[in-house]
Structure formats: structure tokens, C-alpha cells
Amino acid sequence: MLAPHTRVRVTAPLVVAWQDALIHQGLSHQWRMCEETGRTENFRRVARGEKGGFAGRYYNDSDVYKLAEAAAYAHALTPEPHLKAILDEALGLVEGAQHADGYVGTFISLAHPDKRYLCLAAKHEMYCMGHLLEACCAAEEVLGGGRWQALGESVADHLVSTFGPGRRRGYGGHEEVEIGLARTARQFGRPGDLELSRWMTDQRGTRPSPFEDEINDPVSLAFAPTLPTIWCDAGKYDGSYAQDDKPLRDQTTAVGHAVRAMYQYCGAMDVYGGDDTGLSEALLRIWSSLTERRMYVTGGIGSSFANEGFTTDFDLPNRTAYAETCAGIGLCMWAARMGAAFGDGRFFDIFERSLFNGVLSGMDFAGTAYHYENPLESEGDHIRQPWFDCACCPPNIARFILSLGRYLVSWGGGTVSVDVPLAMEAQAEMSGVPVKVVVESEYPHKGSVVVRVHPQSPVYGTLRVRVPGTATTWSCPGHTHPAHGYLSWTKEWKDGDEVVLDLELRPEFLRCDPRVNANIGRVAVQRGPLVYCLEEKDLGARVQRFVVDESAGLTESSDADPRVGHRLHVHGAIDAADWHGPLYQAKARQMMPVTAALVPYATWGNRGQGSMQVWLAAGRA
Ligand code: FUB
Ligand code: ZN
């Protein structure tokens, strides 16, 4: 289970810098975007009883909900009036647009009041309400007062009374409501919500598929005429786009739309944890296949634009990588749940890979411009944008980064786990005794980690600290071998007791399985969990012309910006041959030696436009 947001404060400067950008600029900017694009006005129109006039895409409500959720986390960190104002306004908007039976959905209410739940596959009604449930949980946790809880409960009541055994057999075309229902179930003590979430998880992929029925129904099809294009294969219902091709327990690999897939796995973990053998086996199988064959070195997943998702094993093109920011966030969400359930540090290795690279690259330093796709190579034409018509990523990165503390430390029974050794303070519990846990570190930039505990009274239990798999080496007094990626100490803990761990974070060249065609003859550079890239700004030339000489090694220099931490320096050469005339010529190379600085991939594109590359051509200059 994830930690409650209000119990963990991340103090690591790298995280604080990104969070502050959102708190002081990003959230207001996003709220303004919601205003300017009609997202908030849609709610007001419903409240005024209007018909027609819906603005934007059918799932635009979800952006308002994700933003409210983000504002709640931000308010817990820095209770500034503009954050409370966003929350108050969002609450009023949603309450005003809610129907008497609990339903909320401005697209249907305004544009198609007669088509509620007519097309579950395509219209995202449950997806939006799932995000609303999450916003209600977050806001209630932070603000209290009961109004957000009442809103969440009325929406959940509506869903529970509409869907489920003996009621309508249906689930959302885009997973999310399963996560929302599991969250309201736990936070507000509503077992029925968990049952519905479980039922939806178990129903997906069984036959007959409710989505197939919709495709075969002329009325429903007329409402979403493009449905068959991506849900069918050679004219036959397939469903893999939304993980509806087979039950989760029978799945072997991540298929279809990447964000949907991640949210499916998260929902399943929220319901079952690691307690259902068949489900655990399936999720572990999918995990291996995804992380060993379908994931970028940056943690990006879903390489294809066509389905915003997965294609085939080892199909990981760099320049056209889709690697949606939301998909990377989804991978982090799933990884943390797997880590908590199975107690294995390897899940957090992937969490870190995705977080520190492909997720953080989704936002600029100011917090007001965003990447939707996160390619590993650019000609300088891929630029963060202030907003998108389909704006899922900006509020998703906001809610995720602002709630990062939930994912870094966990506790239960007599055990406290520091899963990601970022500097933080957590109000944890060990065997029912409140324990303040303080992590002092400069991770991921430096490797010295001190974990100090302050139990309210002496308590016997276990403290686990993960050794990141990307550390070159590590040392810890009295320990020679981590178990499942963790060092652990079981004893009676007293106020001020501490453990100390030293990680060596040496920069190194990485190679890729040669079945990934795009990376043959190339190397990437990593230091700890941070993957680096070369930017035109630092090379002074188009980066694709650079050839790195690995034998010259890597050196590092520190950088004052906590989001950068270190620059790395590589030697190599640029092919400086002047090129005129025919495309193909029998011409000698003119290799010009050069030392180039690399920066963390997450930070690319913050110093103007230019080419960028993660996988560098390797060879002798
Ligand atoms: O459909 C809702 C969200 O928008 C998805 O999660 C993203 O992939 C984008 O399609
Ligand atoms: Zn997105």
C-alpha cells in the first residue's frame, strides 16, 4: 500500500526544485489552461442547466480532476491561498455539475444526455470518474471537512449501484476507475467499492466482451464510429488495445495502449496486492516481459504513436519513441505497488529509471511546459508545449511529482522500508508505534545515505533500506549481501538510532541487447539511476555527427542546479566533412576530436532548441 501523502515530506533538493516549480507556477498555469480551453466552463454550463456547448475532448473533465488532486498534494506541502482557491473552485464546479444520482460527466451532460454509458469502450465516463475519486481522496486527506469525501462517496455510490453482479456488466474502456474505487474503499471504509473494483478487474477480457457488443450495436457504433479501427484486428474484435483480449490472469505481455495497461495492473494490485497466486504470476510475467523487452533505457514505455502503446519485443526506435509521460508515470505507479507487495527492490530500480528519466523529462524547469512524447533522439524539433488538446500529461505529472513521497517509503506490521533513498522525513509506524524516519542523503547525485529513526517509545521491529541496483558498488557496516535488494536490521529501535549506507555512483557506458536495431553500435551513459544525453548546446554541432570513444572513459563535474547534479564528459570526434552536392559520395571522413558534456536526460531541452541523443554512435575516432 502506498504511504498517505500527508505523512511523507521529500526534502531532496532535486525533488523540491521540481515540486516548487509546480507549486509556484505550474498549477496556476494549468488551471488557467483549463479555464482558457473551456474545461472548467463545461462544468459551469452543466450547473446552469445548459445543453450543448461542450468544449474540447470527451475526457477533458479528467484534467480538472487530476489538477485538483495535484493541488491537494501541493497544499499539503505549501498551504498557499492560490492552491486552496483551485481546490475550492474545483469542488464547487464538480458539485454543481453532478446529477442527483451521483453521475458526473460534462461531455454526456451537455452534448449527449441521452447517451450515458452507451459506449463504455470509447467515451471515458468511468475513466473520468475514477480520477475524480482520486481527487476526492487526496483533497479530503489534506483538507478534511467532509465535502470532498461526500462528493467521492456519492460518485462511488452511483457506480456501485449501476455496475456489478446483478447490475450492468460493464467496465471502462480506459482503466482508472478500478484505482479510484480501491482508494475510496480504503480511505473511506467502503468495502463495496473494493468489490466493484475487483469485479471490474476480473471481468475485463472475459467473454462476451461488453465492448464487442458495443461495436456490434449500430446505435453505439454510430456514437463512436472509429471504434473498430483500433479495437478490431482484420475485422474481428480483438480488444488488446484496452487489455480486453484475455483476462489478466492469462496475459503474458504488456499489450495495447500503454497507460491503460499500467492502470489495469495498478488497479489489480490495489485489489489483490500479492495475495492471489494466479494474478501475481501473471503480473510478474508481464513485468519481466515489459522491462526486459519493451522498455526504453529511460524507463519510457509504449513505443508507438499509432496505438499510444506497445508493438513487438525489441521495437524501441529512438527518434519516433512515443514513450508518453503518462505511461512512464503509470509504470512508476505499478512498480511501487509491485515493490510493496513483493518486497523486492528490483521493482524500485525500474521506478527510479522511469521517474528520474522519462517522467521528469515530461516537464520543463519552470513547470509550465510539457512533453507528451519523450523521444530519445531529436533533431531539435521536439519542444515542450504549454498545453495540449489532449492534455492528460501535464496534470498527471503534476499530481505524481507532488505526491512523490507516497512512493518512497512504506510500512506495515513491524517493518518500515525505505524504498527509494531520497532525502525525506516520514511519519511512519512500527508495530503500532509512531516512528519518525529521517533520510539524509544527496541521492541520486551522491551515495552517502543515513537513515535515522525516532520512535515515540522503544519498539522492536525491522528497518529495511533498499540498495539501488544502479549503484556500482556499496558498503554498509556488518552487511555483505542485500536480500531482495534490501539491507535489513531487526532489533529494538530507540530515539536517534541510525543506519548508514554508502553507494558508489560511478558513471558508466551501457550497451543494449542487439535485438534492438536502433541501438546497434551505440552506447548510452548512466550514473546511478540517471541516464544522460548529449545536446547540441554542449556539442556546438548536430549531435548525430558525434562518435564517442569509450576507451577514453567518463569524467564528471558537479553542477549547482540540483536537477542536474553532475555533468559527465566524454571524448570522441565529430565528422566535420563538408558536404555539398550528391547525397552519396566516396569521401573520406574528417574526424575532429572533441570532448563533449552530457546532461541528465530529464533536463534536456531546457536551454533552447537543438538536437539531442541518448544512444551515441560508438567507435574509434
Ligand atoms: O485517453 C485518455 C488519455 O489521453 C490517455 O491515457 C492518453 O494516452 C491519452 O490518450
Ligand atoms: Zn498523457
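Residues are numbered from 1 along each chain as its sequence is written, while chains are lettered from A and ligands numbered from 1 in the order in which they are written. In this predicted model local features need pLDDT of at least 70, side-chain atom pairs count only at pLDDT 80 or more, and totals for chains, interfaces and linings use all residues; side-chain values use heavy atoms, with hydrogens and water left out.

Reader: Which helices do the buried residues of α10 pack against?
Author: Buried means under 20% relative accessible area, exposed over 50%, partly exposed in between (1.4 Å probe, protein chains only). Among the buried residues of α10 are Leu194, Trp199 and Met200. Contact means heavy atoms within 4.5 Å. The partners are α7 (125–143), α8 (147–162), α9 (177–188) and α14 (258–272).

Reader: Is histidine 124 buried or exposed?
Author: Histidine 124 sits in the loop between α6 (120–123) and α7. Its phi is positive, about 60°, although it is not a glycine. Most residues other than glycine have a negative phi. At 6% relative accessibility, histidine 124 counts as buried.

Reader: How much of the accessible area of ligand 1 does the protein cover?
Author: A residue is near a molecule if one of its heavy atoms lies within 4 Å of it; the residues around ligand 1 include Tyr59, His174 and Cys390. A polar contact is a pair of N or O atoms within 3.5 Å, and a polar side-chain atom of glutamate 308 lies 2.6 Å from an oxygen atom of ligand 1. Accessible areas come from the Shrake-Rupley method with a 1.4 Å probe. Of the 270 Å² that ligand 1 has on its own, the protein covers 95%.

Reader: Which residues does cysteine 128 contact, leaving aside its neighbours within four places in sequence?
Author: Cysteine 128 is in helix α7. It counts as buried, at 4% relative accessibility. Leaving aside those neighbours, its contacts are Tyr59, Asp61, Ser62 and Tyr65.

Reader: Which side chain has a polar contact of 3.4 Å with that of serine 209?
Author: Serine 209 is in the loop between α10 and α11 (210–216). Its relative accessible area is 0%, so it is buried. Within protein, one atom of a polar contact must be able to donate a hydrogen and the other to accept it, and residues adjacent in sequence count only if both atoms are side-chain atoms. The partner is tyrosine 237.

Reader: What is the omega of the peptide bond from arginine 207 to proline 208?
Author: Proline 208 lies in the loop between α10 and α11. Most peptide bonds are trans. The bond from arginine 207 to proline 208 is cis, with omega near 0°.

Note on methods: Helices (H or I, at least four residues) and strands (E, at least two) are DSSP runs, numbered from the N terminus.
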